[in-house]
Number of protein chains: 2
Amino acid sequence: MEKKVKAITSRDVDFAKWYTDVVVKSGLAAYSNVRGCIYIPPYGTALWDLFKSEFDNKLKTLGYSNVMFPLLMPKSLLQKEKDHITGFSPEVATIAGEDPDPLLIRPTSEALFCDYFAKNLQSYKELPLRLNQWANIVRLEKNTRPFLRTTEFFWQEGHALFATEEEARTEARKIHKLYEDFVRDLLAIPVVSGQKTESEKFAGAVDTYTIESMMYDGQALQSATSHYLGDGFMRAFGVKVQGKEGEIYPHYVTFGITTRMIGGIVMVHGDDNGLVLPPRVAPTQVVLIPIKAVDVSGIKLPSIRFHVDNSDNSPGWKFAEYEMKGIPLRIEIGPRDLEAGDAIVSIRYSGEKRKIKIDDLPAAVPALLDEIHEAMYAAAKNRLDSSKSFIYAPWCGSEECETNHKKKTGMGSRCIVGESKGKCVVCGKAGKHEVVWGRAY
Amino acid sequence: MEKKVKAITSRDVDFAKWYTDVVVKSGLAAYSNVRGCIYIPPYGTALWDLFKSEFDNKLKTLGYSNVMFPLLMPKSLLQKEKDHITGFSPEVATIAGEDPDPLLIRPTSEALFCDYFAKNLQSYKELPLRLNQWANIVRLEKNTRPFLRTTEFFWQEGHALFATEEEARTEARKIHKLYEDFVRDLLAIPVVSGQKTESEKFAGAVDTYTIESMMYDGQALQSATSHYLGDGFMRAFGVKVQGKEGEIYPHYVTFGITTRMIGGIVMVHGDDNGLVLPPRVAPTQVVLIPIKAVDVSGIKLPSIRFHVDNSDNSPGWKFAEYEMKGIPLRIEIGPRDLEAGDAIVSIRYSGEKRKIKIDDLPAAVPALLDEIHEAMYAAAKNRLDSSKSFIYAPWCGSEECETNHKKKTGMGSRCIVGESKGKCVVCGKAGKHEVVWGRAY
């Protein structure tokens, strides 16, 4: 494919520059005057709203209810669980003032949920309790990039309590699988799926499960995590409920996926002409461009997010614009096509053009969108499987070897994907785990 | 009606205590460890989500697109428009640190939108531009009460730009009317509708339009406002676009409605048995309680938010619980009723019971919910019209008289509802405006 939009840096020349060109020029993000924050204009917001609504449905099916909990918390609350405060403290934004117990902006909400549980939960009969919130989070990051690492980001955070360890562990794994399925089925993104090492897990967690996707440049993006937190938070916050026999501490599971995935979509699927959106999350799935003002008002595509561009911009300008915005399908119809009953359909992902009868569009378009989804997934999966950027190698389990591996190669442990009896790739001693190593965002 | 739930203070004995009893015990809000902030549990969140989705549809019909803009802004940005910073400065939360231009948490987002407009808008062809966001806002309030006045609250904030003053003024009034219709049609709340005086208008606005509702205790609740801001913000932020002839400053309109309306619903409709929800915004519209475990699995109410309570709690407990939660309709069916094909339907709002044939429920229930909506609106309207808590009286237009009126009577100007040639109720000189005066939350 020729590079039609001159203003985008080629992704093979400067991937970082290509990324910011695409997110800004396609309308996913705009730079702001706020350090490390972005404006998310209508196009980016529409994408996130679709993502949100689809994932919210999945959570509701699993019995989750949404809540709205505070943005702020007193410092003393975050300090109650020691590993947790240690993990987050450098990144926390504090409200100025004289207060000895100042308010902080949530860097995550475990402390708030635990405070709520402590005050409101009484009996094991209320378990399992499955809560979720869609919220904004602030972490004072040093090096920021749109969506990938921003001072403020948006996410879904699930918080669930169970009477037993077994139920809680089952839930953490179920959500891990849900994330894997969701990014595959909605975003056409394949992942490596596994467990974080001790040093990489969430601050306060017993076990952290993760899905890791691979960007076009071979770097990993931690895409969603699910944590089994044991009952440590419950003990720290005094969340005790009446059990069948005496009082019990519930077992805690939390999990989240963020606006960072918008960056993932860009870096997995985009190309030198701009964004390429997977059809199921595209705010506009199909754009119809009438050539020489032919009348296309009879063409309806119910159940498709469909836009007809009758503006007086030139067809060439429109083609480049919708390519940049990554609209999965473009339909052109000129006077002769109309006479012949034909539509010229262009697939953004492959550049391929097909002639489809106008009368067949309502049936053909949904099938074609599914075909595009599958093809995009297959291409990304092929790249992931054949890439040398993710290395599978045994590890002995020592933090020293893990750190050394990263120091020497730049590749940290992304996740443990199984057991191993091979030799540790660092020290040569007996391996315990098969680990995926890679550079990461 | 007898007072069934002993734990609620009577609203005629202590209205403030009644209010907090109801919001907490019904599950709309829970107290938090965060000064001036509340937890909004599943029930309160479900109510807000319905409100949000209905209003979002209205805005989309008017051409508004959603955006997600930052929570934080540098102080220098808020300071660009002078009236604006003066109005908000005491309430603004600042992030601690050494920065000479510290970050603030948005107390409203005009400054951020103007910064976005300045960087991204080029031509009058992009006008009208209609943006909206659903966001959390922080204002450091001294006296806080759940929903009515909280440190953090949630709202919808619309920000629209127009090429001419006329278009902008038309939009501000159109939105004002939309709010009036919306709270009537969704929340069954009648309002007094008018314009704010100079001293009461939004910081930086030319004109502020307001809807004011009246709570059960006769106090006013400012329920939604819409502002025509002229081009002052545009000049302060340098938002200049290419017009048909030379550069122009667009005209700015902003407007908002907040989670405070949840408090409004409680205080307009609630009674001594708890919450009474208007049917169109009730998360559960109808609850069915089978008596003596009769099989009601055949009863379906499609298109209704419908819950069957098969739990082993006693019918008495269930009745009190759903009354407390304000579910508009309760259906009971016992063994004899089932045999006779009857359902006993209780209307939460009036306490009235009706016998309806089980087979007729799918047609009867939606009609009954509409009837309840109308009756609730009529009762609230009757109270508003016959109350002596809102006083209509002429005002000369001087700020001194306005202030004196509030000092002497406790009743501030709520809004200007028309012109007046009567004598000013304070100084006795010639009146200019007919004003509604009242105590307010």
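1. Let's start with how the two chains relate. In this predicted model, chain A superposes on chain B by a rotation of 180° with 0.0 Å of shift along its axis, at an RMSD of 0.0 Å. That is the relation of a two-fold axis. The same surface serves both copies, and 100% of the contact residues of chain A recur in chain B.

2. Next, a residue to look at in chain B: where does B:Leu277 sit? You will find B:Leu277 in the loop that runs between α8 (260-269) and β14 (286-290) of chain B.

3. Which residues does B:Leu277 touch, once neighbours within four places in sequence are set aside? The partners are B:Tyr43, B:Leu47, B:Ile265, B:Ala282, B:Pro283, B:Lys325, B:Gly326, B:Pro328 and B:Met376. For a sense of scale, B:Ile344 lies 67 residues from B:Leu277 along the chain, and their C-alpha atoms are separated by 20 Å.

4. Over in chain A, please have a look at A:Thr20, which belongs to helix α1 (residues 15-25). Is A:Thr20 buried or exposed? Its relative accessibility is 17%, and the limit for buried is under 20%, so A:Thr20 counts as buried.

5. Leaving out neighbours within four places in sequence, A:Thr20 is in contact with A:Tyr31 and A:Pro146.

Note on methods: Residues are numbered from 1 along each chain as its sequence is written. Chains are lettered from A and ligands numbered from 1 in the order in which they are written. This is a predicted model: local features need pLDDT of at least 70, side-chain atom pairs count only at pLDDT 80 or more; totals for chains, interfaces and linings use all residues. Side-chain values use heavy atoms; hydrogens and water are left out. Helices (H or I, at least four residues) and strands (E, at least two) are DSSP runs, numbered from the N terminus. Contact means heavy atoms within 4.5 Å. Buried means under 20% relative accessible area, exposed over 50%, partly exposed in between (1.4 Å probe, protein chains only). Copies are superposed by least squares on the C-alpha atoms of residues with pLDDT of at least 70 in both.
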